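Subject: Structure handover

Hello,

Here is the structure for your files.

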Amino acid sequence: MPAPSSLSPAVSPAELEARLRLHLLPELGPRRFRKLLSAFDSASAALSAPATAWRALGLPAACAEPRRSADIRERAAAALHWLNEPGQHVLMWDDPAYPALLGELTDAPPLLFVAGDPDVLEAPQLAMVGSRRASRPGLDNARAFARSLAGGGFVITSGLALGIDGAAHQGALDGGGKTVAVLGTGLQCLYPRRHVGLAAQIIEQGGALVSELPLDCPPQASNFPRRNRIISGLSLGVLVVEASPSSGSLITARLAAEQGREVYAIPGSIHHPGARGCHQLIRDGATLVESIEHILEALRGWQASAVQPTSAPLASVEHPLLALLHAAPHSTEALVQASGWSLSQVLAALTELELDGLVCNEAGRWLARSR
């Protein structure tokens with residue numbers, strides 16, 4: 001069998017197969033995986049070591065017993081077959097191509113499966129997370145912020161979930177940028193199924209789907225909080241767009257803070273339950289965000305190697321709504337009538353223009369702002 005194109009030259013095909021088998025064992029997390037490789041120098045040696053040696057390392061029998069089973073061998077062979085397909089890769093924690101920021105974590109995934117371009121994982125990333133049951137303004141904010149940040153040269157990283165995650169991925173794509181989706185399932189079990197088309201678009205536009213889980217791992221509730229450390233670990237910072245106090249997004253924000261990453265939160269109405277998680281984060285020290293400038297202020301060094309945000313083209317090529325507002329102030333309803341756009345299109349465009357500082361709302365009417 002030819003070695004997969006993604007295989008590190010330092011790892012033989014036999015060693016890759018052995019690591020895939022180790023990775024499939026139950027109750028063998030990142031720390032135990034590294035303990036085995038440290039003790040035996042290779043996955044191949046670990047697999048052939050006696051069960052007593054595994055017990056001496058404190059590993060449970062549930063780990064050791066199935067390592068030579070036909071099921072584990074067959075699933076490892078299926079993973080090798082998957083890796084032989086174009087655009088499908090595995091990055092190992094001791095591989096030079098492994099994402100450097102993620103590699104800083106003490107529980108960094110020993111194997112990271114990637115569908116798409118693995119190089120995008122080394123680009124400056126910003127994570128965007130939030131509620132699965134987001135409000136329409138929350139979804140519009142996520143899409144507009146992602147579009148502007150992607151236009152500023154940042155890869156947008158999220159979890160492919162419904163709600164804010166999906167809006168963030170879509171906003172980055174709409175802005176011509178790249179985005180990374182970290183899954184809580186194996187890459188052969190995309191979830192939610194409603195986002196299969198979005199996942200394909202992410203790959204087509206130069207982004208990537210990522211998972212630490214075995215390729216055939218189905219949706220399991222415990223795996224979704226676990227993947228949050230990867231979302232934050234890949235990123236320079238995490239922006240929480242809309243979240244209730246019990247939202248899993250707050251787990252991602254807490255992990256980001258523990259990892260030394262920046263944490264940002266968009267405030268909302270005190271009457272909206274979806275804003276309370278963000279307000280809690282702000283009370284705990286997260287940066288309150290009203291525009292992308294509040295995010296970029298802390299990341300100027302990364303911006304130096306990236307293109308500038310997309311506000312300049314809006315000013316130089318007149319936006320249709322901006323042209324109407326330069327003529328006279330309009331209500332949202334009046335802009336819908338004058339532009340011929342749908343209400344959702346107008347609201348999304350106004351949110352983006354407001355984020356870029358080009359319009360403001362006073363007493364229910366939209367005005368163009370001078371720059």
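The notes below cover the sheet, the helices across it, the cysteines and the salt bridges.

This is a predicted model, in which local features need pLDDT of at least 70 and side-chain atom pairs count only at pLDDT 80 or more, while totals for chains, interfaces and linings use all residues. Residues are numbered from 1 along each chain as its sequence is written, and side-chain values use heavy atoms, with hydrogens and water left out.

The sheet

Helices (H or I, at least four residues) and strands (E, at least two) are DSSP runs, numbered from the N terminus. Two strands count as paired if DSSP finds at least two bridges between them. Strands of a sheet pair through backbone hydrogen bonds, either parallel or antiparallel.

Nine strands form an open sheet with mixed pairing, in the order E1-E2-E6-E5-E4-E3-E7-E8-E9. E1 and strand E9 (287-288) are at the edges with a single partner strand each, so one side of each has no neighbour in the sheet.

Strand E2 (residues 111-116) has six of its six residues buried (under 20% relative accessible area; exposed is over 50%, partly exposed in between; 1.4 Å probe, protein chains only). E2 is therefore largely enclosed by the rest of the structure. Strand E1 (residues 88-92) pairs with E2 in the antiparallel sense over five bridges, and Gln88 is opposite Ala115 in E2. E2 also pairs with strand E6 (residues 208-211), again antiparallel, over four bridges; there, Phe113 has Ser211 in E6 as its bridge partner.

A parallel pairing is found between strand E4 (residues 155-158) and strand E5 (residues 179-182), joined by three bridges. Ile156 has Thr179 in E5 as its bridge partner.

Helices across the sheet

Contact here means heavy atoms within 4.5 Å. Axes are lines fitted to C-alpha atoms, for helices over the stretch in contact, and angles run from 0 to 180 degrees between N-to-C directions. Helix H12 (residues 249-258) lies across strand E3 (125-129), strand E7 (237-240) and strand E8 (262-265), at about 155 degrees to E7. Helix H13 (residues 276-283) lies across E7, E8 and E9, at about 135 degrees to E8.

Cysteines

With a disulfide taken as a pair of cysteine sulfur atoms within 2.5 Å, the count is zero. For Cys63, the nearest cysteine sulfur is that of Cys217, 15 Å away. Cys63 is buried, at 0% relative accessibility, and Cys360 also counts as buried, at 18%.

Salt bridges

Side chains of opposite charge can pair when their charged atoms come close. A salt bridge is a side-chain nitrogen of Lys or Arg within 4 Å of a carboxyl oxygen of Asp or Glu, and the structure holds 11 of them.

One of these joins Asp107 and Arg229 (3.3 Å, N to O). The pair links distant parts of the chain, 122 residues apart: Asp107 is in the loop between helix H7 (100-103) and E2, and Arg229 is in helix H11 (residues 223-233). Asp107 is partly exposed at 21% relative accessible area, whereas Arg229 is buried at 7%.

Arg229 also forms a salt bridge with Glu212, with the closest N and O atoms 2.8 Å apart. Glu212 is in the loop between E6 and H11, 17 residues from Arg229, and both residues are buried.

Arg254 and Glu258 form another salt bridge, at 3.1 Å between the closest N and O atoms. These residues are four apart in helix H12, which means about one helical turn separates them. Arg254 is partly exposed at 44%, and Glu258 is exposed at 56%. Elsewhere, salt bridges that share partners join Asp107, Glu212, Arg226 and Arg229 into one network.

Regards
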